[in-house]
Amino acid sequence: MKIALYPGTFDPVTNGHIDIIKRASRLIDKVIVGVLHNPAKKPFFTVQERIDLLKAVTSNMENVEVDSFSGLLVDYVKQRKIDVIIRGLRAVSDFEYEFQMALMNRKLNPEVETFFMMTSTEYSYLSSSIVKEVFQHNGCIDGLVPDVVIKAMEKNNYKII
Ligand code: ADP
């Protein structure tokens with residue numbers, strides 16, 4: 001049984017993330033969506049809120065689990081016996097950072113392999129930060145994130161992004 005980890009901030013989960021999760025879950029026995037707990041970042045949603053939203057939007061995907069981790073990704077990978085890390089690529093601008101991360105992770109643990117999945121064209125411009133920015137200025141975010149995320153954002157909108 002092959003286990004994949006799809007790590008990220010997911011602040012919040014977007015339809016672009018969901019597309020990657022769905023496509024990965026068709027190819028791999030089990031996909032763990034790992035919410036990175038990074039105290040240095042000032043997130044819009046708490047880790048628990050991000051986990052709850054991810055759980056709600058993946059509840060119909062049987063082989064998808066949602067978890068959180070902190071510290072080094074390679075330590076979590078070892079602990080959960082993960083075979084492969086999945087990352088999404090939207091544009092050339094993603095490449096440099098992803099390349100650096102993948103090579104550093106391999107240096108830290110030579111057995112760790114990273115698979116990259118190309119975005120679907122309709123989500124290629126989509127990121128959590130652009131969704132938050134549009135939302136902050138009262139723009140329409142329908143179709144970019146699931147309805148449950150829109151509701152949670154409306155509830156949280158007293159927060160300064
Ligand atoms: P991070 O802060 O680790 O980049 P994100 O939550 O922003 O976390 O993204 C997690 C992963 O999903 C990254 O590999 C990112 O490139 C990918 N991703 C984000 N948005 C999209 C999208 N619209 N299409 C494909 N992949 C995406």
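Good morning. I begin with lysine 151, whose place is in helix α6, residues 147-155; helices here are DSSP runs of H or I with at least four residues, and strands are runs of E with at least two, numbered from the N terminus. Lysine 151 is exposed, its relative accessible area being 57%, where exposed means over 50%, buried under 20% and partly exposed in between, with a 1.4 Å probe and protein chains only. From lysine 151 to isoleucine 18 the C-alpha distance is 17 Å, and the two are 133 residues apart in sequence.

The model is predicted: local features need pLDDT of at least 70, side-chain atom pairs count only at pLDDT 80 or more, and totals for chains, interfaces and linings use all residues. Side-chain values use heavy atoms, without hydrogens and water, and residues are numbered from 1 along each chain as its sequence is written.

I turn now to the ligand. Which residues come nearest to the ligand? Of the 17 residues around it, they are Tyr6, Thr9, Phe10, Gly88 and Tyr123; a residue counts as near if one of its heavy atoms lies within 4 Å. At least two residues of this shell come from each of β1 (3-8), α1 (15-27), β4 (84-89) and α4 (92-108).

Next, the individual distances. A side-chain N or O atom of threonine 9 is 2.6 Å from an oxygen atom of the ligand. For glycine 88, a polar backbone atom is 2.6 Å from a ligand oxygen. In histidine 17, a polar side-chain atom lies 3.3 Å from an oxygen atom of the ligand. Thank you.

Technical notes: Polar contact = N/O pair within 3.5 Å; in protein donor to acceptor, adjacent residues only side chain to side chain.
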